[in-house]
Amino acid sequence: MTRLLGVAAAGTVAGCTGARERGEPSPDRPNGYVVGSASDAQTLNFVQIADGASSARVGLTMDGTYAITPDDELFPLWADVSTEDGRVYEVSLRETLRWSDPYGPMTAADWVYMIRNVFQSPDNWAGFVGRSDWVRDGSFVPVERTGTYSFEVRLPEPEPEFPMKPGLWGALCLPRGLLERYVPEKDVEGMRRDAEIQTLSYTGNLGPYRFERWERDARFVAVRNEDYYMHDVADVPDEWRTAPHFPRYVFQVVPEESARLSALQSGEVTETGVPETKVDRTAALPGVEVNVAPQPFCSLLVYNQRANGWTPLRRRTVREALSYAIDKTAVVRYILRGYANVAHTFQPAFSAWYDASRVRETGVGTGFDPREARDRLIAALGPDGYRYDDRGRLRAPDGRPVALRLVFPVGSETTQTVCEFIAQSYDEVGIEVTLRAVQFNTLLSQYVSNGAREGRGAWNAGPFNGGTREESTSPEQWDLQYGIVFNTYPRTPTATRDFWVRDGAVNFFGYEPAVDLGALYDEAATELNEDRRRGLFARIFGVLSDDQPCNFLHFSVAITGYLSGLEGPVERFGTGWNYQTWRFTTAANVHAPLPGRRDRR
């Protein structure tokens, strides 16, 4: 299960663990690995999960199909995948995987039923956020069972990067016997209320931990799974066969950033995210180590182009004008203390698919100029009756001053500081910005999620895109958002399609590209010539840098504080892929390890 959205600077949002064989807990420390997290999960129904906090909890109990290492190699967990022609992929399940009673072994029949009836449901009745991963050229990808423990995915054209895409990579499944209760009547409410789904009691031996309890907005507790299937797998390194190495794994919700860092210092938590402003101070603490790793998440200033946002944000000329208002270099240098890189499009510079020659730089050099921003705003809006008054305030045709609402998640002082800087920057071009801080779960449910009346939208791509921007809106009004980070998938950039096409599952902000980006993505997905593929991606990310559907602000690194002696974290993109095997190398710290960063994928 891969993460599309996360909360910036909020600490760990998904799995990694470690310690020696079993080890005795220190008498003054908690018995387990404890993650200090800023936000709680939304749901444990993985079908509807797109956020890291929720996927982290579920991921403790289910490994998924396979992992991808920092060397871009596939590591089989539940399954291995193979192909002879890049078009037909065979998925081979381990034969030792078992659901909890009464569902028996995990088989290909479970997967084919799940894919056909949920992942590929024409009306997306279950609200699956990854539906587009199973569609090609407007049709669902055929999936056929080839044996008790094997099935084939039959793509219409060769796709060499298919195993690295989020559709199959890290995919999860429900037992057919459980799912059959809800498929015939398309009973999504029944699934949401199902006690087995919401307590993960069906997960058997499928993950390193078993669900114990979930105290909403407080803590999620899982305990070591003594029946973990990896104990009996011969073709993995020894550290997997004794995993996990901690008796329990706890996500402790600590909304205040300072309180999370204090808990790390005192040993009450094993890991937590570290803000850029406190790296040196945290690294100097006795018994604490700080890990700084590249990551693919882009921080954006999101423009609401749906019907409950400021309508001029739909215009490229207005978005382009606003890009001149914010000094990205100042954000990176002075607020993020250099622990970030300026962004200009939806790929990091370390990506093999990033072409600087096609990217337009905004918010830096001559691309940052508040006076230019004002001139461009009045050029774009003046014909509609907008004007600047004698005090330099931008006024709407009805004479009222333009005032925008910027929503962001609580829990990070850095996030709040960036939002205050954005408000000051807009003030310089005559636009008032009102800040509203909300819990991350509230941000997702009230400002990101959207739907058409009675579910009658032109499409239903999932909870974050229920139809056109005119018919599908969020419960609460907003104009700007910051603090959600977006996965740019530098290994498989076709996976970014869902953010930027009109009916994409994560296009919650209602962007409608003037260029047919969907066709470009589709062409890139099947193009076998690498140079031509690079050219297609260069065009896609060039279009995005020109069109400015959001203001691409920065790529931050993942900064995490751990109790000293934890063996496993590396300062590379992809760290956390093997969290199940992490271990403490000193007996003093065997008490407190917990998985924590599957979201870094």
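Helices (H or I, at least four residues) and strands (E, at least two) are DSSP runs, numbered from the N terminus. An unreviewed UniProt entry places the feature "domain: Solute-binding protein family" at residues 83-452; UniProt positions are in the numbering used here, feature names are shortened, and annotations may be inferred rather than shown by experiment.

This is a predicted model, where local features need pLDDT of at least 70, side-chain atom pairs count only at pLDDT 80 or more, and totals for chains, interfaces and linings use all residues. Residues are numbered from 1 along each chain as its sequence is written, and side-chain values use heavy atoms, with hydrogens and water left out.

Now the rings. Rings of Phe, Tyr and Trp (its six-membered ring) pair if their centres lie within 6.5 Å; planes under 30 degrees apart count as stacked, over 60 as edge-to-face and the rest as tilted. That rule gives 33 aromatic pairs. In one of them, the ring centres of F75 and W240 are 4.9 Å apart and the planes are at 25°, so this pair is stacked. F75 lies in strand β4 (residues 74-76) and W240 in helix α6 (residues 238-241), so the pair ties together parts 165 residues apart in sequence.

One aromatic cluster includes F346, W478 and F552.
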